[in-house]
Amino acid sequence: MTTFSPDLANFSVRFDAPGKVTGAEKYAADYYGPDLVWAGVKRAGAAHARLKGIDCREAEKLPGILGILSHKDIRGTNRQGIIRRDQPVLVDDKVRYPGDAIALVLAENREALGRALGLIRVHLEPLPGVFDLEAALAEDAPLIHEHHPEGNVLLKGHLLRGEVREAFQHCAVLVEFVFQTPYQEHAYLETEAGWARMEPDGSLTLVASTQTPFRDCFEVAEALGLDRETIRLKVPACGGAFGGKDGITVQSLLALAALYCPGRPVKMWWDREESFTVSCKRHPARLYYRLGADSEGRFQALEARLHYDTGPYDHLGGAVMTLGLEHAGGPYRLPNIDLKAWAVYTNNPLSGPFRGFGVPQVNAALEQTIDLLARKLNLSPLEIRKRNAVVAGDQNAIGVHLTASTHLQECLAVLETHPLWTGKEAWKASAGPFKRRGVGLACVMHGQGYGPVVPDVATAKIELTGPGCFRIYSGVVDMGQGNSHTYLQIAGEILNQPQSRLEIVRPDTRETLPGGSASASRTTYTFGRALIEAAQELKQKIREKGAELFGAWDLEEVILMPSVVSHVPTGWKIPLSRIAGELAPEDCLAIHSFQAPIALDRPSPDPALQLHGLPHLIFSYGVHLAAVEVDELTGLVEVKKYLAVSDCGRIINPRIFEQQIQGGIAQGLGYALTEEFRVEQEKVLTRDLAAYILPTALDLPDMESVPVASFEPSGPLGLKGGGEIAVDGPLPAVANALAEACGIRLSQNPFTPERVLRALREQGV
Amino acid sequence: MKIRLSFRLNGNPIELETDAERRVVDLLREDFGFTGTKEACGSGECGACTILVEGESRLACLMRVGQLEGRSVLTIEGLSDGKHLHPVQQAFVEAGAVQCGFCTPGLILGTIDLLRRNPRPDREEIREGLSGNLCRCTGFQKIVDAVEKVVSSPAEGSDPCPVG
């Protein structure tokens with residue numbers, strides 16, 4: 001492969017960009033090989049039904065069909081899942097959503113595969129379905145999992161603090177607000193894909209587009225009855241994930257297929273319709289809010305009920321709900337709260353992790369409720385937030401002491417002097433005919449990491465190689481967000497090396513060490529801290545060897561420079577390649593683990609909530625501003641300008657940080673304005689990217705991202721998580737701007753022209 | 001139905017026998033290993049499989065191989081000379097327009113076609129010109145920045161719009 005290496009010592013150019021712009025970079029979908037077998041899945045197509053039989057006779061007769069496998073071919077538990085293993089690899093009892101896998105087909109080519117899938121007959125006995133998340137809670141509702149002790153409630157949570165009823169009685173103002181959010185589809189460009197082969201030594205090589213390589217091996221092994229040690233999972237470049245590949249997609253099916261045809265490579269690559277039907281989505285939610293404040297606008301009491309539709313399987317739905325519950329009161333001082341949440345099983349599409357992880361839903365409801373309250377008090381949206389925003393040392397809404405860096409007030413102060421805020425009245429007044437303009441705000445906060453029970457650990461390995469370069473072994477996936485580049489930068493800073501002398505080994509369960517999932521805004525924080533320790537240890541070993549070779553008695557006289565160690569008093573230099581040769585092989589390596597700190601507070605004694613992540617210790621914060629223009633004639637809402645002011649700790653790589661913020665805002669604006677994944681009973685109505693409207697280059701404004709100067713002492717070089725927070729703000733910021741522009745507040749997103757126009761008409765506009 | 005097919009691919013003459021109904025995206029990926037031609041929607045909505053045919057952008061997921069007969073095809077693998085990146089590639093790298101990278105080859109070839117049709121697009125025209133290529137990571141801002149960078153400082157001596 002030709003390598004293009006724009007060697008910029010300042011690390012502003014991502015190491016993986018040259019490979020991506022030339023097409024040289026390989027993704028899971030790009031693996032083929034001689035004698036390739038194509039694997040595909042027969043899907044249920046029904047929402048709730050008892051499986052009575054599978055008839056493969058016609059399909060098996062087709063030329064090119066190598067085999068058709070069902071649950072009977074699985075030796076293990078045939079169940080996968082992260083917290084609850086409740087999802088079958090291949091259905092053995094009943095169908096719980098249209099995307100359920102029934103049979104696995106292996107074929108010599110894709111044409112035969114497609115024809116065979118069409119010829120498989122599945123005999124299903126229909127069962128009454130549950131499609132409304134509140135109806136699913138009724139006592140006589142059909143059960144999705146008959147043996148689940150809580151019926152259709154996957155998980156519920158309750159947080160109570162203070163004297164809520166009494167506090168409401170003393171409030172000067174009170175508002176209530178109900179908001180509903182739909183599914184959001186990840187719509188990563190690379191659909192689910194992978195490749196597998198049973199090797200001659202009996203091991204199984206898997207290549208998959210995943211966020212969780214080590215955890216996947218456990219799940220695949222258990223589901224298929226394999227020894228975990230025999231599975232090697234490699235993660236090449238990932239074509240986007242955003243949470244949608246946090247968990248098994250193709251892995252178990254591919255492994256099963258490979259077991260059936262040892263020695264031959266097997267490929268599975270879902271097309272867009274299959275991806276839309278099968279993959280998890282952002283949980284739809286119904287959110288009931290009641291907020292009270294004193295006459296000064298200081299929040300006194302919050303009551304909220306949060307319903308999350310988790311679909312047919314757990315798939316981290318309990319954890320998503322718990323993070324939503326934790327963030328339901330936002331980054332505000334709130335002495336009295338009564339928050340209840342439910343994650344509810346239904347026969348709707350599968351919900352699961354999606355950037356924001358339950359927070360975009362609650363933040364949409366909370367931040368609109370706050371604007372309603374401000375209006376009642378005749379306070380500006382900024383002023384009411386300033387009066388309630390937490391500072392370091394406060395307890396947040398659920399009672400967690402904020403001992404980590406907390407700079408929301410600084411974000412609000414930056415926004416207050418920004419031209420988009422100071423000039424907003426003039427901008428609004430200059431709207432053209434039949435146009436209305438509004439400017440809306442929303443605060444955001446986002447916890448990072450796994451919470452108090454599941455250890456948030458990563459292990460970094462770094463090696464001085466023969467040519468005197470440094471190789472970082474990362475077990476944490478880079479889904480495109482650029483964490484691996486930041487690892488190079490961190491190691492480069494410690495070891496004083498340019499980018500060209502550093503390389504990264506992508507996640508490979510045989511080569512790299514467990515690093516946890518690429519999720520929860522925790523990758524660079526957790527792995528970065530482990531890497532700092534590992535790099536410092538290796539640096540020490542190199543300097544010690546250098547001192548020995550220089551005959552220096554003071555280690556301080558020996559420093560690392562690009563490609564050499566140098567003896568400062570004499571100016572002597574020894575190439576790192578020679579150091580590598582002189583060191584014992586084990587001394588060319590350093591390995592270090594880091595476990596993220598956890599909060600000491602326990603806002604709830606419920607061990608289930610703690611297991612699912614409550615509470616967090618470290619939060620990032622920010623405030624978002626959306627300036628929108630509404631067309632009175634068409635109902636079209638256009639976001640003209642956008643500002644995100646963020647406290648994500650020290651920004652190590654401003655460009656990568658900006659990429660994350662801009663990408664998060666774009667996803668949030670899609671959620672606010674166009675993206676709606678529609679289902680009707682058991683029919684998925686949104687099957688392709690023509691029906692699911694993603695924002696294009698034309699639909700998005702230029703966005704300004706301003707980080708405030710902050711520093712998280714526990715973080716690597718001072719940083720905090722920045723992966724998710726930007727997606728939490730756009731929906732409420734746009735909703736508040738829309739309300740300011742034309743006085744309408746819709747009960748659900750997206751704010752499509754049809755919905756906006758109808759609301760305008762109802763107002764008599 | 002098998003057909004004999006002759007065309008130029010990244011400057012090289014190709015002759016082969018293949019099924020006429022195959023999609024060009026599959027031919028390029030499976031027979032030639034040019035996996036830089038990505039597939040993300042399979043129905044002409046995302047632009048990830050953009051290639052240049054006679055210098056004009058085409059969607060390889062909507063083309064049948066027979067449509068290549070006698071024509072010149074450029075994929076992302078053929079864009080640079082192997083030593084230097086094409087100016088549009090270089091601009092994408094430098095502007096930070098690349099995140100997961102799955103949409104990137106299509107966007108780069110789409111940009112080259114845009115610049116062929118309009119060598120001096122303004123920011124709005126760039127946004128309009130690239131609106132057929134979806135990206136889920138970047139929010140497009142840095143992609144627009146990259147194209148603007150090419151427009152404002154075109155590299156000397158390089159062919160901005162290669163045919164293949």
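Here are a few questions and answers about a sheet and the cavities in this predicted model.

Reader: Which strands stand at the edges of the open sheet of 4 strands in chain A?
Author: Let's start with the strand order, which is 20-28-29-32, with mixed pairing.

Reader: How many bridges join strand 28 to strand 29 of chain A?
Author: Strand 28 covers residues 619-631 and strand 29 covers residues 637-647, and the two run antiparallel. One of the bridges pairs A:Val630 with A:Val637.

Reader: At about what angle does helix 19 of chain A run to strand 20?
Author: Good one to look for in the structure! Helix 19 spans residues 730-742 and lies across strand 20, strand 28 and strand 29 of chain A. Its direction relative to strand 20 of chain A is about 155°.

Reader: What is the volume of the largest cavity?
Author: Searching the whole structure turns up 8 cavities of 30 Å³ or more. The largest cavity has 20 lining residues, with A:Gln87, A:Ile248, A:Thr249, A:Trp270 and A:Val278 nearest its centre. Its volume is about 190 Å³.

Reader: How many residues lining the second largest cavity are charged?
Author: This cavity holds about 110 Å³ of space. Its lining has 14 residues, and those nearest the centre include A:Gln448 and A:Pro597. Of the lining, 9 are nonpolar and 4 polar, while the charged count is 1.

Terms used. Residues are numbered from 1 along each chain as its sequence is written. Chains are lettered from A and ligands numbered from 1 in the order in which they are written. This is a predicted model: local features need pLDDT of at least 70, side-chain atom pairs count only at pLDDT 80 or more; totals for chains, interfaces and linings use all residues. Side-chain values use heavy atoms; hydrogens and water are left out. Two strands pair if DSSP finds at least two bridges between them. Contact means heavy atoms within 4.5 Å. Axes are lines fitted to C-alpha atoms, for helices over the stretch in contact, and angles run from 0 to 180 degrees between N-to-C directions. On a 1 Å grid over the protein atoms alone, a cavity is a set of points where a 1.4 Å probe fits but cannot get out, and a pocket is an open set with protein on both sides within 12 Å along at least five of seven lines; lining residues have an atom within 4 Å of a point. Grid points are joined across faces, edges and corners, and a volume is the space filled by probe spheres set on the points. Ala, Val, Leu, Ile, Met, Phe, Trp, Tyr, Cys and Pro count as nonpolar, Asp, Glu, Lys and Arg as charged, and the others, Gly among them, as polar.
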